[in-house]
Each structure stands twice: as structure tokens, then as C-alpha cells.
Amino acid sequence: MHDTSDLTCARQRTEHIAQLNDAARQGRDRTARIVMTSGLLAELGGETVAQSMMAQARLMAALRHCTFAPDSPERDFASMDVDGIKVLMKVDYYDTELAFGSEDPANPAMTRRVITLMRPADY
């Protein structure tokens, strides 16, 4: 049987990580990186630089407004539709040098978030 305070503490930690992930998705974490796979950009992009930039802007808008399934309490994984194309969003947690996984995703001083936007085929 779990101690109620342990469960409350775990929920608070999960919600804190979720809030940090939200900040990264919404562009409020200057240390976060957002990357898009080349396959996704090729499928959404266009033939011109302007069309590619507009596709990236649509992806960023979708990222900022995506919703999460109950099985993603840290809000670190989502699926969305952009221009009729299924897009996956995944948040990964790295150390400050982006070399290894973060030891504590709840601690923003030691964690860099990398958000990847991709097609299911890229996952």
C-alpha cells in the first residue's frame, strides 16, 4: 500500500514536469530545442523557402495548441493533424550539454528539453 503523501508528491512532481514541458512547447523555455524531422518537412513543405517556412509556422501553431491523452500525464507525447498529415510530438530530457539523459527532468537547471515533431514513420 502506498503512503498518501508519497502519491501526492509523485503527482506534484509529474505536474511540475508537465508545466515545464508546456513552457517548452509554448516557447517560454529559452533552453529548449524544437526539431522537425526532414521527412515531416519534406511532406509538409513545398518547393519554395517561403512554403517551407509557412509549413514550419503551421507546425509550431499546432505544437502550441495540441491536446494530450490521459496516458501522457507529463504532457510529453501527443499526436496531432497538420494539413491532413498525422504528426507526433515527443519531449526528451537531456543534460545541459545535450549529451546524456537528464538525471532529473523536474529540475530545469539540469535539464534541456528537446521537442521532436515527426511523422509516425520517423518514430
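This is a predicted model: local features need pLDDT of at least 70, side-chain atom pairs count only at pLDDT 80 or more; totals for chains, interfaces and linings use all residues.

Residues are numbered from 1 along each chain as its sequence is written, and side-chain values use heavy atoms, with hydrogens and water left out.

The protein chain contains three helices and four strands; these are DSSP runs, H or I of at least four residues for helices and E of at least two for strands, numbered from the N terminus. Along the sequence their order is α-β-α-α-β-β-β. The C-alpha trace spans about 55 × 30 × 25 Å along its principal axes. Of the 123 residues, 37% are buried, where buried means under 20% relative accessible area, exposed over 50% and partly exposed in between, with a 1.4 Å probe and protein chains only. Contact here means heavy atoms within 4.5 Å. Among contacts between residues at least 6 apart in sequence, 56% join residues at least 24 apart.

Let me turn to helix α1. Its 22 residues, 4-25, reach 31 Å from the first C-alpha to the last, close to the 32 Å expected at 1.5 Å a residue; the expected span is 1.5 Å times one less than the number of residues. Which residues of α1 are buried? They are Ile17, Ala18, Leu20, Asn21, Asp22, Ala23, Ala24 and Arg25. The buried residues of α1 pack against α3 (49-65) and against the strands β1 (33-36), β3 (85-94) and β4 (112-118). After α1 comes Gly27, with a positive phi near 80°.

My last topic is Thr111, which is found in the loop between β3 and β4. Is Thr111 buried or exposed? Thr111 counts as buried because its relative accessibility is 1%. Its side chain reaches the backbone oxygen of Asp104 at 2.8 Å. A polar atom of the Thr111 side chain also lies 3.0 Å from the backbone oxygen of Asn107. Leaving aside residues up to four places away in sequence, Thr111 touches Thr31, Tyr93, Tyr94, Thr96, Ser102, Asp104 and Pro105.

Thank you for your attention.

Methods: A polar contact is a pair of N or O atoms within 3.5 Å; within protein, one must be able to donate a hydrogen and the other to accept it, and residues adjacent in sequence count only if both atoms are side-chain atoms.
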